Amino acid sequence: IAHFHHNQDFVGKRVLITSGPTQEAIDPVRFISNHSSGKMGAAIADAFANSGAEVHLVLGAGAKKPKSPSIKIYPVKSANEMYEESSQLHEKMDICVFAAAVADYAPKNVASEKIKKEGADMTIALVKNVDIAYSLGKIKRPHQLHIGFALETENEVFHAKQKLEKKKFDMIILNSMRQKGAGFQLDTNKVSLFFEDGSAIESDVLPKEQIAKIILEGIKKIPVKI
Ligand code: CTP
Ligand code: CA
């Protein structure tokens, strides 16, 4: 067992991580989704496991799986399923990392049979999905740490700080879209960490394993609330 533990920083801590894309069914053979690979979430899960934490990973369909055998994985497809699993686990958790790329909208009705091709145009009505981080933020207790992600294409810092506040995150990780070597399917990333007190930490472009370590270092810096 000692072989897997690179350090003991998070021994005794229970960690919930959401990761990967969600899939929102249109009909039995089609869905709406996004390009999230789940690589960042998997790297964070492994970093926590290697630091002695008990890790619970709620994992979207097709997302990358972590390496550590001790991590408990809860496979889900839709945002609703991800919300159900996450809210069942939430109460017992010390740290929650919302790394999933949750679809913001889902088809209003799921067709029970495959939709047949008809006219030249077609429209699918969508309804807003539950916001997992926001909903759990509302019931978060003082000792629980919530960590969020943001991916923006404009006014990056402003939007990230807005999400930090709105979703009651203790820290938000802004994924840099402008930087070469940072992004969805890649093995490298560049991030900025923003804290509630207004302070920030910026990383270089690094492998996602290294970024995960920087994120864990950031979490260790969050002041304890009583
Ligand atoms: N998130 C979530 N549930 C959702 C949408 C987002 O838990 N239904 C979480 C993400 O995992 C991430 C954070 O909220 O940690 C921010 O996600 P993002 O998509 O950037 O924010 P949104 O609030 O959906 O705003 P928008 O997409 O309009 O920028
Ligand atoms: Ca969104």
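## Helix α1 and its surroundings

The buried residues of α1 pack against β1 (14-19), β4 (54-59), β6 (95-98), β11 (188-189) and α5. Here a residue is buried if 20 or more other C-beta atoms lie within 10 Å of its own, exposed if 12 or fewer, and partly exposed in between, with C-beta atoms placed from the backbone. Helices (H or I, at least four residues) and strands (E, at least two) are DSSP runs, numbered from the N terminus. This is a predicted model, in which local features need pLDDT of at least 70 and side-chain atom pairs count only at pLDDT 80 or more, while totals for chains, interfaces and linings use all residues. Residues are numbered from 1 along each chain as its sequence is written, and chains are lettered from A and ligands numbered from 1 in the order in which they are written.

How many residues of α1 are buried? The count is 12 of the 12, so α1 is largely enclosed by the rest of the structure. Just after α1, Gly52 takes a positive phi of about 90°.

## The nonpolar core

The largest nonpolar core has 55 residues, and Ile44, Phe48 and Ile172 have the most contacts inside it. Helix α1 (residues 39-50) gives the largest share of this core, eight residues. Such a core is a set of buried Ala, Val, Leu, Ile, Met, Phe, Trp, Tyr and Cys residues joined through C-beta atoms within 7 Å.

Not counting residues up to four places away in sequence, Phe48 touches Phe10, Val15, Ala53, Val55 and Leu216 (contact means C-beta atoms, placed from the backbone, within 7 Å). Leu216 is also one of the buried residues of α5.

## Positions from the UniProt record

The unreviewed UniProt entry places the feature "binding site" at Asp104, Lys114, Phe149, Lys163 and Lys167. They span 64 residues in sequence, and the farthest two C-alpha atoms are 37.7 Å apart, so they do not all gather at one spot.

Asp104, in the loop between β6 and β7 (105-107), is partly exposed, with 14 other C-beta atoms within 10 Å. Lys114 counts as exposed, with 11 C-beta neighbours inside 10 Å. Leaving aside neighbours within four places in sequence, Lys114 is in contact with Asp27, Pro28 and Val29.

Notes. Contact = placed C-beta atoms within 7 Å. UniProt positions renumbered as here; feature names shortened; annotations may be inferred.
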